[in-house]
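Subject: Structure handover

Hello,

Here is the structure you are taking over. My notes on it follow below.

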Amino acid sequence: MSLLTATFTYAAGLLTYTWFGAGSFGWLITLWVVLAFLVLLNLDALRIRFVSRPFLRTYRRMLPSMSQTEKDALEAGTVWWDGELFTGGPNWEKLMAAAAPRLSAEEQAFLDGPCEELCRMVDDWDITHRRADLPPHIWDYLKSKGFFAMIIPKKYGGLEFSAYAHSCVLVKLSSRSGVVASTVAVPNSLGPGELLLHYGTDEQRNHYLPRLARGEEVPCFALTGPRAGSDAGSIPDTGVVCKGMYEGREIVGIRLNFDKRYITLAPVATVIGLAFKLLDPDKLLGDRTDYGITCALIPRNTAGVSIGRRHFPLNNPFQNGPLHGKDVFVPLDVLIGGMKMAGQGWRMLVEQLSVGRCISLPSSATGAAKAAVFASGAYARIRRQFNTSVGNFEGVAELLARMTGHTYIMDAARSVTAGAIDGGEKPSVPAAMLKYHATEMARSVGNDAMDVHGGKGICLGPKNYLGRGYQMVPVAITVEGANVLTRSLIIFGQGAIRCHPFVLKEMEAARDKDKRRGVKEFDKALFGHIGFTISNAVRSLVMALTLARFSRVPESSTQRYFQHINRFSASFAFATDVAMLSLGGYLKKKESLSARLGDVLSSMYLASMVLKHYHNQGQPEEDLPLVEWACRSLLYRAQEQLHTFLRNFPIRFLAAFMRFFIFPRGQTYHAPSDPLGQRVVDAILHPTALRDRATHGIYRTVEPGNPLGLLHEALVLADTAEPLEKRIRVDGVKTGRITALDLPGQIQQALAAGILSETEAAVLRDYDRRVMDLIHVDDFDTSDLAAGAAREDVRLARVGNA
């Protein structure tokens, strides 16, 4: 309610209570004093003079300083479902009414055709071990089929795919090869193509975009340097406006000096996107001397540009390396967007990053996780120990349940958020959440997959389908902003200001140079904020006491999870307000507190994505255990992070005050149960519809070079083979009629004893052959493992010794 409406409502209640109630005289006086105070608050002049203006002076002292780069980051992108979660009462109709992401016929044909064919062409061991690069025919295929042109409009020769299609392509490619997926992701994410589309001049677009679409130009974007990693806003690289000679004539241009590293595609790039600080000490362009971060597009063959040797990111040799520039003189028209965009580089980057971060790494991480779940479920079924499939052991089942649940969360988040992007959103805070949590969940899935596979997972070679992906995980966690930074500073730090209904308004009012207008706007925002906080405190208390059973949500088999999100949304919004009000700018320094509030926000967002994804898929009943595992896991984390936040809140009496409204009944929410996890695992260990949906979109074609397809083929055959193996054990081994210790010997004796028919014996032999081929690991001669020149030295030494 507004303050005026609340005052009238309170007055009506108090009059009724005074007339009919039985309260003491002292109690009634207290209530009437409160009413008098409320009436005075409704008088604008008195409220502003005695409340808002003094509080504004205090607020300005509490307000944290904000650099221009932070301001640009806050203003980047749009507020979407993340904003609803800050309200304490999310509008579920808004989310559920959003269109489900769909592939067009053209996009589906690309996935089924060129994308499938590319996966078939890939030999990941050849790429990662022998060549340390993609072979020439794959480079040619990527360029000729438009893999570098997914985001480029058709009028420039590109594919003009939706964000969802872009994501699906990366899911499939990353299930086959991390190197191929990384190579395709970069030109379609933050880079020259994206920046030209949104900010380039017509001349720049017409020149570069068709060449990029045809693969005639290979782009890279150089932002990070040795002295500025995650703090990209403080890059020391400069471009000084000056006069110089260019193509035989003197012009006003820019002299660049830069030192960059970790630049993907740099070793093979033909055109370089560059971020630097533009300076004009002689004021050749106007009155300014420092324009700030600016973006330019520079041909590789420009004098003074040197591309260093390659980096080698954890045995995954996608093209990545340093770039250097010494006194590189270029004309002004290299600036992306021309002079009108000079100094706008950081804003350009963070605006486009809000889209790219939702797609590239989350999609690649999801594809790798899906492949790991698909392979691990099959491997755990066909791999036997102690006369049973290893998937039947509860310890392994716990890992498989966690792997599948995390993968479902990742898939839901990347697909629903991609759909929002296609609907016009540029969700900057969800981009940070997806980048952090998708890559962290991929790390968890990778670790669990290694534990399920044991020795099979750790021996590299052509037969190993996990090792390179496992090595790639820390790369994904590091790039596009280190995860520790993303969690500690960005998710809540940006979300609290950007998504909160009142905080940004209060900050803008406090910084308004028109003092009279500023205090009026601050007064309006302040009292809206007070009512908002009180409302959420009451909502939090009531829903915690009732376990949110009376909260209005969409009716479905999952409605209890909608209600639990409502409950945590109110508690989160209340805790956020108390923390910001009491700690002010100090909260920015308390990174652990901010990180925990960010975890609560992320858990609610991801759970919302799971529910929407389930709805988009038609709510298949057999998927319900997986949905329940995912939601329960996420909401349990929200509860525990709120609890830990309160335990570590520095103002202890306020922590106790918040705890009363948030946990009046204690911590009532529980993690997923073992029986629930087992229901998920049972579906993953068999060729079920749930297994197919949970791993949809990966490269699973059955062919000699694809271990995922061969594993699934063996999984399907297991339904026929396992009853035959059981018959051998029960009718042969236990009765003493079969004495052989290995399965081939047992099959032969069972055939002789009449336990198996010729057909059944042939089926079991074929199954055993397939399983053993999948279980086997590679071995090598020493010369095969030596790298590059050393390999030839080893060979020559052996020839000499012979």
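Over the ring of which residue does the charged end of arginine 691 sit? That ring belongs to phenylalanine 374, and the charged end lies 4.2 Å from its centre. The term applies if NZ of Lys or CZ of Arg is within 6 Å of the ring centre and within 35 degrees of the ring normal. Arginine 632 has its charged end over the ring of tyrosine 669, 4.6 Å from the centre.

Before the rest, the conventions. The model is predicted, so local features need pLDDT of at least 70 and side-chain atom pairs count only at pLDDT 80 or more, while totals for chains, interfaces and linings use all residues. Numbering starts from 1 along each chain as its sequence is written, and side-chain values use heavy atoms, with hydrogens and water left out.

Aromatic pairs

The whole structure contains 20 aromatic pairs (rings of Phe, Tyr and Trp, the last by its six-membered ring, with centres within 6.5 Å; planes under 30 degrees apart are stacked, over 60 edge-to-face, the rest tilted). The rings of phenylalanine 660 and phenylalanine 661 are edge-to-face, because their planes are at 85°, with the centres 5.1 Å apart. Phenylalanine 660 is partly exposed at 49% relative accessible area, and phenylalanine 661 is buried at 14% (buried is under 20%, exposed over 50%, partly exposed in between; 1.4 Å probe, protein chains only). Phe110, Tyr141, Phe147 and Phe161 are linked by ring pairs into a cluster.

Helices are DSSP runs of H or I with at least four residues, numbered from the N terminus. In helix 18 (residues 467-478), the buried residues are Gly467, Arg468, Met472, Val473, Val475, Ala476 and Ile477. Their cover includes helix 8 (124-131), helix 14 (345-382) and helix 19 (483-498). Glutamate 480 follows helix 18 and has a positive phi, near 55°.

Threonine 576 is in helix 22 (residues 559-583) and is buried, at 0% relative accessibility. Apart from neighbours within four places in sequence, threonine 576 is in contact (heavy atoms within 4.5 Å) with Phe86, Phe492 and Leu597.

Regards

Terms used
Helix = DSSP H or I, 4+ residues; strand = E, 2+ residues; numbered from the N terminus.
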